Amino acid sequence: MSAATASAPSDQQPAGLSMAQIEQVRTQLQSDIEMLQSSIQRLQYAQEGFGESMLAVSRLPTNNQDNSLLVPLSSSMYVPGRLSDPDHVLVDVGTGFFIEMRPKKAQDYFKRKHDYIQVEIDKLQKVLYDKLLTRQQINGIIQMHLQQQQQQQQQQK
Amino acid sequence: MAPDLNKKLEDEVEKYRQTQNDMKKFVTQQQQLFITKTENEFVKQEFENLDSEANIYKLVGPVLVKQELGEGKETVEKRLVYCEGELKRLASLMKDTEKKLEIHREVISKIQQQIATNK
């Protein structure tokens, strides 16, 4: 079996491949599909994080509002406090860097990340869809083969 | 004659397995580097969009330290250059390892043929 037949569904010659080869292709497809699904899940999880950050920033009080809050000192003790500077937030942008931003800019940042992940998810979903289709086709071919085999066995009786 | 050939085959297969393991390690390293590189590229992009007045902070252990935007940009740039260098090195290492694997495969198949014809 060549690697080319596993990754180019349009090139497959069903009649030319032996059952063993088709089985191998199906196994490969199955593991590709699982990997894609788990990647998409991880991306969605990360995307959720950005969505929540966006929400959290939008809930920040402005200077005119009451900005008292409770600060956790341990897992069971909180102390009352006040948000000293609701006009600036520190955003973790990766690799240990934080950028001080206004809440509006921070929301834009989170929205950008959220949308970027969506684009990547869409790309993966397309590939996943193609693979699912191919798997369906291969299952059909395997079914056909099995039926043919059964018929042959019956005729030999 | 046959036992020698069988031993040779075993040795070659063992070498092949070791080379395969090396390859797997390289692939993992490569993936790790891709992740680091992409992360740094994101940060670089964010820094580009800031004007020089913006404040940035770097997390050093448990401490957030205020940094100059220029310094931050430099640090990220240095990391990116390092990643790219490592990726290039890995790529050529992986190419060589692939060639080694191919040679092992050929040797193994030759020995197998010899064993078959000697029977």
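Biologist: What do strand 1 and strand 2 of chain B form, and which residue in the turn has a positive phi?

Modeller: The two strands form a hairpin with two residues between them, and B:G61 in the turn has a positive phi of about 65°. This is a predicted model, in which local features need pLDDT of at least 70, side-chain atom pairs count only at pLDDT 80 or more, and totals for chains, interfaces and linings use all residues. Residues are numbered from 1 along each chain as its sequence is written, chains are lettered from A and ligands numbered from 1 in the order in which they are written, and side-chain values use heavy atoms, with hydrogens and water left out.

Biologist: What makes strand 1 and strand 2 of chain B a pair?

Modeller: Strands, like helices, are DSSP runs numbered from the N terminus (E, at least two residues, for strands; H or I, at least four, for helices). Two strands pair if DSSP finds at least two bridges between them. Strand 1 (residues 56-60) and strand 2 of chain B have five bridges, in the antiparallel sense, and therefore count as paired. Within this pairing, B:K58 has B:V65 as its bridge partner, while B:L59 stands opposite B:L64.

Biologist: How do you know that strand 4 of chain A pairs with strand 1 of chain B?

Modeller: Three bridges join these strands in the antiparallel sense, and the requirement is at least two. A:F98 stands opposite B:Y57 in strand 1 of chain B.

Biologist: Why is B:L64 called partly exposed?

Modeller: Buried means under 20% relative accessible area and exposed means over 50%, with partly exposed in between (1.4 Å probe, protein chains only). B:L64 has a relative accessible area of 35%, so the residue is partly exposed. B:L64 lies in strand 2 (residues 63-67) of chain B.

Biologist: Why is A:I142 called buried?

Modeller: The relative accessible area of A:I142 is 9%, so this residue is buried. A:I142 is placed in helix 3 of chain A.

Biologist: Which residues does A:I142 touch?

Modeller: Contact means heavy atoms within 4.5 Å. Not counting residues up to four places away in sequence, A:I142 touches A:M19, A:I22, A:E23 and A:R26.
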